[in-house]
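Q: I am new to this structure and would like to learn how to read its features. Please take me through them one at a time.

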Amino acid sequence: NFSSLTPFWGPSSFLCRTAVGAWQAHSSSCAAAHCCHKMLSRSCTALVGCLALLNVAQAQIMSIDMGHEFFKVALMRQGVPLEIVLNAHSKRKSTTAVSFHEASRVFGDDALAHAGKAPTKVPMFFHSSLGKNFTSEEDVKPGGAWWKNFGLSETFYKYDMGYEAERGVPTFKLGDLNEAEGEEILASIISHAKAMAEESAEGKPVKDLVVTVPSDA
């Protein structure tokens, strides 16, 4: 049944509609119909191929090598060699940190400068704890399961920890009633990395991302 094939070719293709009309009007034999079908298939295949090449030409893919201490951002564009994106300090490597000390967030080395003034507002080195099972507020208290997994002394990293009971995850108390989960803090860093990539790409949007993480994350 010819009508059942029409949705496959798509109502939006003028080329396909024209071929369909010609086939219905002039096909007088099975041989002629078979010939038209082959021509139509080739035309539609060529059209789809052109659209695919157009999408590839417009594609921009960024990658983040997300380490516990540092991260790097790379950008791949059509016709351009793979590029390591530079941060605001013209460095390829950025500190994996975000500071909530001021009204506006700062990242990388700028965030690291706040760690001495307001350590509770600059969470770092916590990424390997994401996805781990912590079941109560006792886990986030000094000496609890979260700190044991964290592996660094609360003497040097004075985080003010909380617990989100509905999701069952630790939170970071950032002052002024602000509280954030680890995923939200890491998302801030990834969003900053995306802004770096798009600035390097002359403002063109980046929609695809590849992330690499340490094996223990």
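Q: How many aromatic pairs does the structure hold?
A: This is a predicted model, and the structure holds eleven aromatic pairs. One of them joins Trp-146 and Trp-147: the ring centres are 5.1 Å apart and the planes stand at 85 degrees, over the 60 needed, so the pair is edge-to-face. Trp-146 and Trp-147 are buried.

Q: How are the rings of Trp-147 and Phe-150 placed?
A: Their centres lie 5.6 Å apart with the planes at 85 degrees, so this pair is edge-to-face. Because they are three residues apart in helix H5, about one helical turn separates Trp-147 from Phe-150. Both residues are buried.

Q: Which residues form one aromatic cluster?
A: Trp-146, Trp-147 and Phe-150 belong to it, along with Phe-125, Phe-126, Tyr-157, Tyr-159 and Phe-172.

Q: Which residues touch the most other members of the largest nonpolar core?
A: In soluble globular proteins, nonpolar side chains tend to be buried together. Here the largest nonpolar core has 35 residues, and Met-62, Phe-71, Val-73, Trp-146, Tyr-159 and Phe-172 touch the most other members. Elements that each supply at least two residues include strand E1, strand E2, helix H5 and H6. The largest share, six residues, comes from H6.

Q: Which residues of H6 are buried?
A: They are Gly-182, Ile-185, Leu-186, Ser-188, Ile-189, Ala-193, Met-196, Ala-197 and Glu-198. Among the contacts of Phe-71 beyond its neighbours within four places in sequence are Ile-189, His-192, Ala-193 and Met-196.

Q: How many residues does helix H6 have, and what is its reach?
A: Helix H6 has 19 residues and reaches 28 Å from first C-alpha to last, close to the 27 Å expected. Just after H6, Glu-202 has a positive phi of about 60 degrees.

Definitions and conventions:
Residues are numbered from 1 along each chain as its sequence is written. This is a predicted model: local features need pLDDT of at least 70, side-chain atom pairs count only at pLDDT 80 or more; totals for chains, interfaces and linings use all residues. Side-chain values use heavy atoms; hydrogens and water are left out. Helices (H or I, at least four residues) and strands (E, at least two) are DSSP runs, numbered from the N terminus. The expected span of a helix is 1.5 Å times one less than its number of residues. Buried means under 20% relative accessible area, exposed over 50%, partly exposed in between (1.4 Å probe, protein chains only). A nonpolar core is a set of buried Ala, Val, Leu, Ile, Met, Phe, Trp, Tyr and Cys residues joined through side-chain atoms within 4.5 Å. Contact means heavy atoms within 4.5 Å. Rings of Phe, Tyr and Trp (its six-membered ring) pair if their centres lie within 6.5 Å; planes under 30 degrees apart count as stacked, over 60 as edge-to-face and the rest as tilted.
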